[in-house]
Amino acid sequence: MNLIKLGGSALTIKGSLPRVRRKVLEALAAELSPFQGDLCLVHGGGSFGHPLALAYGLHRGLRGDDGLMGFAEVQRRMRDLNGQVLDALHASGVPAVSVPPAPLVRMRGGELESLSVDPFREALEAGLVPVTFGDVALDAVQGAAICSGDDLMVHLARALRPNLALFVADVEGIVGPGGDVLEVIRREVPDLAWREPAEDVTGGMRAKVQCMLDIARDGSRCLLVSGLVPGRVQAILEGQRVPATEVRWS
Ligand SMILES: Nc1ncnc2c1ncn2[C@@H]1O[C@H](COP(=O)(O)OP(=O)(O)OP(=O)(O)O)[C@@H](O)[C@H]1O
Ligand SMILES: [Mg+2]
């Protein structure tokens with residue numbers, strides 16, 4: 001099966017206001033459609049999740065009444081984005097169903113401790129395409145935390161053992177020290193000057209590469225590809241070689 005994360009960086013326009021890249025979303029839905037038979041999807045938050053989660057400090061927990069309202073608002077926005085992702089998939093004939101992560105995860109001190117995967121397995125067995133997403137969730141230690149789409153990919157890959165775990169983002173791949181896209185990363189997070197925003201509630205690209213290494217170590221082929229260049233995602237699913245970064249354990 002194919003496990004794919006549609007990054008918030010590809011689906012949305014960065015900035016403080018939540019905005020979808022409609023053409024990109026529709027193109028990705030069309031590219032995924034031929035592979036709907038054995039497909040599980042995760043999507044990120046982009047401008048629907050990150051700015052508000054950061055403003056309320058939800059990655060560090062709940063703080064007073066403001067924190068509670070922030071938690072509720074971020075959850076609402078993520079469901080809005082999820083609805084738009086489902087609409088685009090349905091328009092391409094993909095029987096996508098929402099599997100919100102919050103009731104299925106246990107968070108502890110900001111870490112995703114466990115994910116109940118039965119709802120995903122049952123949807124897949126029924127021929128549906130489960131779609132989950134990065135979200136706010138309750139946390140046993142700090143009250144609230146961000147359950148990132150990248151961490152959901154790690155837990156889903158461990159349980160579902162996909163042939164391919166694909167991360168779709170707004171870059172052509174992971175850029176190395178010389179400014180070129182790295183074709184392969186092996187065994188460890190490279191020592192790069194990561195061009196991250198001052199603070200990212202889910203750790204940005206560096207944390208993503210660590211997640212990709214965890215997935216590769218568990219045995220799935222793991223790549224990062226651009227969602228902004230039409231055709232790249234479909235080409236990878238068809239087994240073609242396109243510009244991308246592969247993260248390997250061996
Ligand atoms: N070495 C690097 N190579 C490529 N991108 C990098 C690198 N260092 C930092 N980045 C940044 O990582 C960003 C992608 O990570 P980001 O977390 O924003 O996307 P995402 O995970 O797709 O979105 P979301 O977290 O909303 O799902 C790129 O837009 C780029 O600015
Ligand atoms: Mg991210």
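Author: Residues are numbered from 1 along each chain as its sequence is written, and chains are lettered from A and ligands numbered from 1 in the order in which they are written. Because the model is predicted, local features need pLDDT of at least 70 and side-chain atom pairs count only at pLDDT 80 or more, while totals for chains, interfaces and linings use all residues; side-chain values use heavy atoms, with hydrogens and water left out.

Reader: Why is E246 called buried?
Author: Buried means under 20% relative accessible area, exposed means over 50%, and partly exposed is in between (1.4 Å probe, protein chains only). E246 has a relative accessible area of 16%, so E246 is buried. The residue sits in strand 12, residues 245-248. Helices (H or I, at least four residues) and strands (E, at least two) are DSSP runs, numbered from the N terminus.

Reader: What is E246 in contact with, leaving aside its neighbours within four places in sequence?
Author: Contact means heavy atoms within 4.5 Å. Leaving those neighbours aside, E246 touches E183, V184, I185, R221, C222 and L223.

Reader: Why does P51 count as partly exposed?
Author: The relative accessibility of P51 is 26%, so P51 counts as partly exposed. P51 belongs to helix 3. Beyond its neighbours within four places in sequence, P51 is in contact with G15, S16 and G46. P51 and S16 are 35 residues apart in sequence, yet their C-alpha atoms are 5.7 Å apart.

Reader: What makes G127 count as partly exposed?
Author: G127 has 37% relative accessibility, so G127 takes that label. Its place is the loop between helix 5 (118-125) and strand 6 (129-133).

Reader: How do you know how helix 3 and helix 4 run relative to each other?
Author: Two packed helices are described by the angle between their axes and the distance between the axes. Axes are lines fitted to C-alpha atoms, for helices over the stretch in contact, and angles run from 0 to 180 degrees between N-to-C directions. The axes of helix 3 (residues 46-55) and helix 4 come within 9 Å and cross at roughly 170°. Helix 3 is therefore roughly antiparallel to helix 4. The cut-offs are under 35 degrees for roughly parallel, over 145 for roughly antiparallel, 65 to 115 for roughly perpendicular, and oblique for the rest.

Reader: Which residues make that contact between helix 3 and helix 4?
Author: Helix 3 brings S47, F48, G49, L52 and A53. Helix 4 brings E73, V74, R77, M78, D80, L81 and Q84. By class, there are six nonpolar, three polar and three charged residues. Ala, Val, Leu, Ile, Met, Phe, Trp, Tyr, Cys and Pro count as nonpolar, Asp, Glu, Lys and Arg as charged, and the others, Gly among them, as polar.

Reader: What covers the buried residues of helix 3?
Author: The cover includes helix 1 (8-11), helix 4 and strand 8 (143-147). The buried residues in helix 3 are G46, S47, F48, G49, L52 and A53.

Reader: What makes a set of residues a nonpolar core?
Author: A nonpolar core is a set of buried Ala, Val, Leu, Ile, Met, Phe, Trp, Tyr and Cys residues joined through side-chain atoms within 4.5 Å. The largest one here has 43 residues. Those with the most contacts inside it are I4, L32, L41, L89, L166, V168 and V233. Helix 4 (residues 64-91) gives the most to this core, with eight residues. A second, separate core of 40 residues includes I185, L192, L213 and L224.

Reader: How do you know that strand 1 and strand 2 pair?
Author: Two strands pair if DSSP finds at least two bridges between them. Strand 1 and strand 2 have five bridges, in the parallel sense. Strand 1 (residues 2-6) is also joined to strand 9 (residues 164-169) by five bridges, again parallel. There, L6 stands opposite V168.

Reader: What makes strand 2 mostly covered?
Author: Five of its five residues are buried. L39, L41 and H43 point one way, and C40 and V42 the other way.
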